Amino acid sequence: MATSTFETLPYPEPLREVFGKVRHQICQFHVVAEVSKAVLGAVASARKGLAAQQPKLRRGRPRTPAAKQAARTKKRLAAQCAALFASRHLFVQRHLNTTERKTLWRVSRGVPQLQALRAIMEQVYALFDRRCRTQTALAKLAKLRRRVLRFPQVGATLKKLFSPTLEKALTFLDDKLLPSTSNAVERGNRRYRKMQKSVYRVRTQAQICARLALDMWREAQAEGRQQTLASLHRARAG
């Protein structure tokens, strides 16, 4: 059973009563999206910290050696802040080529927590590698959490990694036929929420049961529908 929420389910008690001990899977897409958002927030905080370190200069051209050094420092920090903003996507991008890695190293130079953020993000992507099993991924997750604790600057930002429901996003690794995302569940949830907003009577128990039965019937007919579409495409191509 797959759902799209990261923290909690909208109807935990009915789901627990109906499905019982069925293993519950959290959608991988939403887990990675939440962590990526937290990493980008940490990058923004580091950029603000660099901006706050810029020395204040007096008006006019600097003349003393100390003033010239302060002007150079301010110019360097301003350039690094601008480069961080322009290259912030590199901290959460899944794959980086050689040029992008050099750019990332240049913009994060002198800020250890930024380099740690990229390493942590790579470990997050490695959790969902189809080549490993759930137990292996759980061991990776435990190692990742220990690493995050060693960086108190980013530990509070990446508190999503310590969510008790994160392990449920790794359930699909033990089943090759189980998708890592829940697009079908997403579509069903959006369709049902739209009906609830449009017609209030669909919130009654009888209408909810009928809606669930209709969705289950659509899922049962999905394979035949795909075969029909494939036959039509072949006929059109011929």
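Predicted model: local features only at pLDDT ≥ 70, side-chain atom pairs only at ≥ 80, totals over all residues.
Helices (DSSP runs of H or I, at least four residues) and strands (DSSP runs of E, at least two residues) are numbered from the N terminus. Residues are numbered from 1 along each chain as its sequence is written, and side-chain values use heavy atoms, with hydrogens and water left out.

**Exercise 1. Describe the secondary structure of the protein and the order in which its elements follow one another.**

Step 1. Counting the elements gives ten helices and two strands.

Step 2. Reading along the sequence, one finds the pattern β-α-β-α-α-α-α-α-α-α-α-α.

**Exercise 2. Work out how helix 2 and helix 5 are oriented towards each other, and what classes of residue form their contact.**

Step 1. Axes are lines fitted to C-alpha atoms, for helices over the stretch in contact, and angles run from 0 to 180 degrees between N-to-C directions; here the axes are 10 Å apart and the packing angle is about 175 degrees.

Step 2. Because angles under 35 degrees count as roughly parallel, over 145 as roughly antiparallel, 65 to 115 as roughly perpendicular and the rest as oblique, helix 2 is roughly antiparallel to helix 5.

Step 3. In this contact (heavy atoms within 4.5 Å), residues of helix 2 including Val-39 and Ser-36 meet residues of helix 5, among them Leu-114 and Met-121.

Step 4. If Ala, Val, Leu, Ile, Met, Phe, Trp, Tyr, Cys and Pro count as nonpolar, Asp, Glu, Lys and Arg as charged, and the others, Gly among them, as polar, the contact has eleven nonpolar, one polar and no charged residues.

**Exercise 3. Identify the aromatic pair that a search of the whole structure finds, and decide how its rings are arranged.**

Step 1. Rings of Phe, Tyr and Trp (its six-membered ring) pair if their centres lie within 6.5 Å, and planes under 30 degrees apart count as stacked, over 60 as edge-to-face and the rest as tilted; the search finds one pair.

Step 2. The ring centres of Phe-128 and Phe-172 are 6.4 Å apart and their planes stand at 10 degrees, so this pair is stacked.

Step 3. Since Phe-128 lies in the loop between helix 5 and helix 6, and Phe-172 in the loop between helix 7 (152–155) and helix 8 (183–198), the pair ties together parts that are 44 residues apart in sequence.

Step 4. Both Phe-128 and Phe-172 are buried.

**Exercise 4. Is Ser-108 buried or exposed, and where is it found?**

Step 1. Ser-108 is found in the loop between helix 4 and helix 5.

Step 2. Its relative accessibility is 2%, so Ser-108 counts as buried.

Methods. Buried < 20%, exposed > 50% of the residue type's maximum accessible area, 1.4 Å probe, protein only.
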